[in-house]
Amino acid sequence: MNPKRIPLIAGNWKMHLGLADAAKLAREIREGVGAGDAEVALLVPFTALAVVAEILKGSPVKLGAQNLHWEPQGAFTGEISAFQLADAGCRYAIVGHSERRRLFGETSAIVAKKLAAALAAGLLPILCVGETLEERESQKTWGALTEQFRAALTGLPPVEAAKITLAYEPVWAIGTGKTASPAQAEEAHAFIRKLASQAHGEGFASALRILYGGSVKAENIDALMAQPDVDGALVGGESLKPISFLRIIHYKTLAAAGTRRP
Ligand code: PEP
């Protein structure tokens, strides 16, 4: 990865953990995080935001949410706005996760509205893009990434676009145990960086942080992070296991110290 970009390791807890377990996990991460090279964020369920916000106070670990509604307020029963998330202490919010696109019918147009709403509320969006297995097998990966990237970023002023972190998450690798190889991840990240350059120029592209997500584990993080265009990870399942997630967070330190992988 490029030393000019600060890496981000973000844990997506998805729809897991009650309050007691969320508090316990947040405490374990806060205590184990140390002064690493990466920024760390916990993207927790709405119900756990207040509890985890309290635990993370004064620590370098940032709080985030997994979804938001694009309107700032109103009669939208069951929804949560970007403003409410910022007010609850969130710094980050995932936008366009493939589980939202696939299971809840979020189109690229909806993702674009959510992205704009997150930015308007002062949140830093983590925008997910990625191809399905079918798209990969029918050579449609680059088309899918282009469509998702452009639909989300078109019309955004460069100063706003600069606040976004991208996450390349091949859908076939999420929660499946199948990780993209470091070479596959690098190829996709380099492609996304090219799209970024076409959208807003070289300076924007070279500063854009692009995370990899899809079955990241303690065993594969070092090889992924060794790729020049991989700037961090969005971690699902393994972010619920403190030892494993802390090992992922400390990828560089442990790798540099020659520590054996668990
Ligand atoms: C994710 O939730 O974004 C994800 C990548 O999940 P997992 O690490 O479990 O594949």
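This is a predicted model: local features need pLDDT of at least 70, side-chain atom pairs count only at pLDDT 80 or more; totals for chains, interfaces and linings use all residues.
**Entry 1: Asp-231**

A polar atom of the Asp-231 side chain sits 2.8 Å from the backbone nitrogen of Ile-210. I then looked for side-chain partners and found Arg-193, whose side chain makes a polar contact with that of Asp-231 at 2.8 Å.

Buried or exposed? With a relative accessible area of 0%, Asp-231 falls under the 20% cut-off and therefore counts as buried.

**Entry 2: salt bridges**

Next I asked how many salt bridges the structure holds. The count came to 15.

I looked up Lys-62 and Glu-39, a salt bridge with its closest N and O atoms 3.0 Å apart. On accessibility, Lys-62 is partly exposed at 26%, while Glu-39 is buried at 17%.

I also noted Arg-136 with Glu-131, where the closest N and O atoms are 2.7 Å apart. Glu-131 is buried, and its relative accessible area is 0%.

My last pair was Glu-238 with Lys-241, again a salt bridge, with a closest N to O distance of 2.7 Å. Here Glu-238 is buried at 17% relative accessible area, and Lys-241 is partly exposed at 44%. Salt bridges with shared partners also join Arg-5, Arg-193, Asp-229 and Asp-231 into one network, which brought me back to the Asp-231 of my opening entry.

**Entry 3: the ligand**

Then I went through contacts to ligand oxygen atoms. A side-chain N or O atom of Asn-12 is 3.0 Å from an oxygen atom of the ligand. For His-97, a polar side-chain atom is 2.8 Å from a ligand oxygen. Gly-175 contributes through its backbone, with a polar atom 2.6 Å from an oxygen atom of the ligand. I checked the cover as well: the ligand has 290 Å² of accessible area on its own, and the protein covers 95% of that.

**Entry 4: positive phi**

Ser-215 lies in the loop between strand S7 (209-213) and H11, and it is buried at 14% relative accessibility.

Leu-17 has a positive phi of about 80° and is not a glycine either. I found Leu-17 in the loop between strand S1 (8-12) and helix H1 (19-32). At 30% relative accessibility, Leu-17 is partly exposed.

**Entry 5: helix H12**

I finished with helix H12, residues 242-249, and asked how many of its eight residues are buried. Six are, so the rest of the structure largely encloses the helix. I listed them as Ser-244, Phe-245, Leu-246, Arg-247, Ile-248 and Ile-249.

How values were computed: Residues are numbered from 1 along each chain as its sequence is written. Side-chain values use heavy atoms; hydrogens and water are left out. A polar contact is a pair of N or O atoms within 3.5 Å; within protein, one must be able to donate a hydrogen and the other to accept it, and residues adjacent in sequence count only if both atoms are side-chain atoms. Accessible areas come from the Shrake-Rupley method with a 1.4 Å probe; for residues, only the protein chains shown count as cover. Buried means under 20% relative accessible area, exposed over 50%, partly exposed in between (1.4 Å probe, protein chains only). Helices (H or I, at least four residues) and strands (E, at least two) are DSSP runs, numbered from the N terminus. A salt bridge is a side-chain nitrogen of Lys or Arg within 4 Å of a carboxyl oxygen of Asp or Glu.
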